[in-house]
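Below is a short briefing for a reader who is meeting this structure for the first time. Please look over the sequence and the model before reading on.

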Amino acid sequence: MVDVAQATILQASPDESRAARRNMITRALVRNVTTESGPSDALFHFEQEMADQYARNRISFAPIVLGLILVLTVMMGFIGNPLWAASWGAGVLVLHLAATVVCRRYAALAPNQRSLVDWKNRFVVVEALYGLGWAVFPFLFPMAGAADTLIGIDVVRFATVIVFMSLSALVAAPLPAASVASTLPIAIGLGAAHMVSPSLIDMMVAFCALGAEAMLLYLTGQLNEQYAQSLVFRAEKDAVLAELEQGKAVSDEARRRAEAANMAKSQFLATMSHELRTPLNAILGFSEVMRNEMLGPIENDAYKDYLNDIYNSGQHLLKLINEILDLSRIEAGKRELREELLSLVSIAQDAKGLLDLKARQKNIKVSEAFEEHMPKIVVDEQAIRQVTLNLLANALKFTPAGGEVALKVGRTEGGGQYISVRDNGPGIPADELPIVLSAFGQSSISIKNAEQGTGLGIPIVQALIHLHGGHFVLRSKVGVGTEAIAILPAKRVVSAFTDDNRTWALMRARKPAQLRKAS
């Protein structure tokens, strides 16, 4: 049933509403759609599921029914004739066990070994025999005696029969024919027992028995529909799960292809960047020789301007190629960390010293705030130096003349360390922060208010920090300024209360793989 329902749903348009999908499954499972060769596969699977449910009901209720039969047999032995009660109890018990054995044999067979029509006929026959056995039960009660006693016996008999009729209807509800076969003989037997010596009360009881049978059959039909609807819900759930699995497989395949394409792109850029630098270095070298007039004077001023343009353009292109090469190597997984035990404050001071001249040229004040007694940290010196230089260079680039840049190094609450660079430049709109964090992305305000860049500085910083197992935070407010924070994890910090060299040696000995590459 599930396979057919899944196939039906998967062929449907994804735009169909949930109600339409459910109706489609219901029609496929419940409606008696026939072809020239007989019932459809959907109907066959539906009927097989209902037969399976009947067998499960009969097996699960078997201990309860067995106990009730034994209790009734003992009770009838005290009220009426013990021999008749024992005979009836033995007969009904045999019929009950026979019905249970038939259901167990059915459940033990593989689905392809079952002849559904034959087994359904067997179920109806055993239920009919079981119902006939119970039809004898009303006649076991005494038919004569005091009026009060007879009324009490009638109440007990009626209640007992109604209980077992309800139980039989509940068990056989998945198969309507079996439900009728098991309950109708009991109702007829109860009615006949009261019509032996008809009175007004007996006739009313007989009619009540038939009315109870009609009500139970109606309830059985409703319960059968509930079983069918539960099968529909289960088929729909399985079909949705199948769609989800199929969607997940498609998504995984698309992600794999995207990752492969990104890797190919990174490798291509790394290769091309390397190949382009060789002729570019020659252009830069020759243009510098000609610009400095090392081989003789150049009397044409226009040529000098062209040489300056060639040299500056070459420098800009070389910087762009180097940044592309760095980012491509990181994305391709070829950028390995060469870790050392270093001081983050020292790296920040060195980077600030390299850019002091540029800051003075733009009349920008660079303040520093370094936390005291900072423990050493295990990092790649070249990578962290590049991170600090990129952050400072960006801040100087986007800060107007007379502005201020603040460089901070300190500890995080979690025990890690951070480098913070804050400027009072034009800032970045909140909706453009993701653009700035992406490769070649630049803020619209920054483009208007600063010198041109490549848009790779921040992505390289972010990639190098992630390579160290840390994270990068970019905060900005238009008109106020921008703060970039590179945070390194606590696991890279060496405790200040231990001997640095000894700790470093132990770390190298215990976790060489983790120290060669960022976790």
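How many of the 18 residues of H11 are buried? The answer is 13 of 18, and H11 is therefore mostly covered, where buried means under 20% relative accessible area, exposed over 50% and partly exposed in between, with a 1.4 Å probe and protein chains only. This is a predicted model, in which local features need pLDDT of at least 70, side-chain atom pairs count only at pLDDT 80 or more, and totals for chains, interfaces and linings use all residues. Residues are numbered from 1 along each chain as its sequence is written, and side-chain values use heavy atoms, with hydrogens and water left out.

**Helix H11**
- Helices (H or I, at least four residues) and strands (E, at least two) are DSSP runs, numbered from the N terminus.
- The N-terminal end of H11 is capped by Asp380, which has a side-chain oxygen 3.1 Å from the backbone nitrogen of Gln382.

**Nonpolar surface patch**
- Val180, which lies in helix H7, counts as partly exposed because its relative accessibility is 33%.
- Helix H7 (176-194) and helix H8 (200-291) each supply at least two residues of the nonpolar patch, and the largest share, four residues, comes from H8.

**Loop residues with positive phi**
- Most residues other than glycine have a negative phi.
- Asn363, in the loop between helix H10 (344-361) and strand E4 (365-370), has a positive phi of about 55° although it is not a glycine, and Asn363 is exposed, with a relative accessible area of 57%.

Technical notes
A polar contact is a pair of N or O atoms within 3.5 Å; within protein, one must be able to donate a hydrogen and the other to accept it, and residues adjacent in sequence count only if both atoms are side-chain atoms.
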